[in-house]
Amino acid sequence: MMRLCKNWYKSLEVVKPKLNITRQVYEFIVRTTKDSPRVETGGILMGRDIKPLTVDVTHASLPGPKAYHSSTKFLRDTEYCSKVLQEHYEKYGVDYVGEWHSHIVPLRGVSGGDIATLTSIIYDPDYNFNAFACIVALLENEKVELIGYIATKRYIYQVEIRVVDSDMLI
């Protein structure tokens, strides 16, 4: 019995969720957030969901012309984002891997509404996400800080956003 228990830890793997985004996506989100200083904005994230818990983001969208914006709420234009996703899938082979939106009030992190949105997406039977990314762009004093999250069916992890050159994620 002791022999079986002695080496059990050798088969364990430590998994740390990771969120990688290209420098272009990072700059796009910062610029788009600064361009909307009075109301929240956002869009979808496109790239690859890599097992076990890594999301590589290579593209991000605008919110779309029919998006809803207020100082405390944002709803993207689903039809517009679906078209953008289809175009990017055909051109680059990327898929829907997350959402991004701004906070213009001093709320560091996800709100209750954000958690509800993430939960509904991760449990939607039409999707089969291993991991789903969320980026909150916090606008304070004309500066933007990006805060990253990885959602799974059991947890929402706050993670470091690793900004990389495009060729590292292709």
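From the N terminus on, the elements run α-β-α-β-β-β-β-α-β-α-β-β-β-β, which gives four helices and 10 strands in the protein chain. Helices (H or I, at least four residues) and strands (E, at least two) are DSSP runs, numbered from the N terminus. The model is predicted: local features need pLDDT of at least 70, side-chain atom pairs count only at pLDDT 80 or more, and totals for chains, interfaces and linings use all residues. Residues are numbered from 1 along each chain as its sequence is written, and side-chain values use heavy atoms, with hydrogens and water left out.

**The whole chain**

Show the C-alpha trace; along its principal axes the trace spans about 65 × 40 × 35 Å. Of the 170 residues, 45% count as buried. Buried means under 20% relative accessible area, exposed over 50%, and partly exposed in between (1.4 Å probe, protein chains only). Among contacts with a separation of 6 or more, 66% are between residues 24 or more positions apart; contact means heavy atoms within 4.5 Å.

Select phenylalanine 28 and tryptophan 100. There are seven aromatic pairs by the rule used here: rings of Phe, Tyr and Trp (its six-membered ring) pair if their centres lie within 6.5 Å, and planes under 30 degrees apart count as stacked, over 60 as edge-to-face and the rest as tilted. Phenylalanine 28 and tryptophan 100 form an edge-to-face pair, 6.4 Å centre to centre with 75 degrees between the planes.

Threonine 33 counts as buried because its relative accessible area is 0%. Leaving aside neighbours within four places in sequence, threonine 33 is in contact with Thr41, Trp100, Ser102, Ala137, Leu139 and Val144.

**More rings**

Next select Tyr96, Tyr127, Phe129 and Phe132, which ring pairs link into a cluster. Then move to tyrosine 123: the charged end of lysine 153 sits over its ring, 5.7 Å from the centre. For this, NZ of Lys or CZ of Arg must be within 6 Å of the ring centre and within 35 degrees of the ring normal.

**Salt bridges**

The count comes to four salt bridges, each a side-chain nitrogen of Lys or Arg within 4 Å of a carboxyl oxygen of Asp or Glu. Select arginine 23 and aspartate 165, whose closest N and O atoms are 3.5 Å apart. Arginine 23 is in helix 2 and aspartate 165 in the segment after strand 10 (161–164), 142 residues apart.

Glutamate 99 and arginine 76 form another salt bridge, with the closest N and O atoms 2.9 Å apart. Glutamate 99 is in strand 6, whereas arginine 76 is in the loop between strand 5 (74–75) and helix 3. Glutamate 99 is buried at 11% relative accessible area; arginine 76 is partly exposed at 22%.

**Helix 3**

Lysine 83 and glutamate 79 meet in a salt bridge (3.7 Å, N to O); both lie in helix 3, four residues apart, about one turn of the helix.

Cysteine 81 is also in helix 3 (residues 78–92) and is buried, with a relative accessible area of 2%. Not counting residues up to four places away in sequence, cysteine 81 touches Ile44, Ser61, Leu62, Pro63 and Arg76.

**Helix 4**

Select aspartate 114 in helix 4 (residues 112–122).

**Backbone stops**

Most residues other than glycine have a negative phi, and most peptide bonds are trans. Lysine 51 and proline 52 are joined by a cis peptide bond, with omega about 5 degrees. Proline 52 is in the loop between strand 2 (42–50) and strand 3 (54–60).

Finish at asparagine 141, in the loop between strand 7 (132–140) and strand 8 (143–151). Its phi is positive, near 50 degrees, and asparagine 141 is exposed at 74% relative accessibility. Glutamate 142, in the loop between strand 7 and strand 8, has a positive phi of about 65 degrees.
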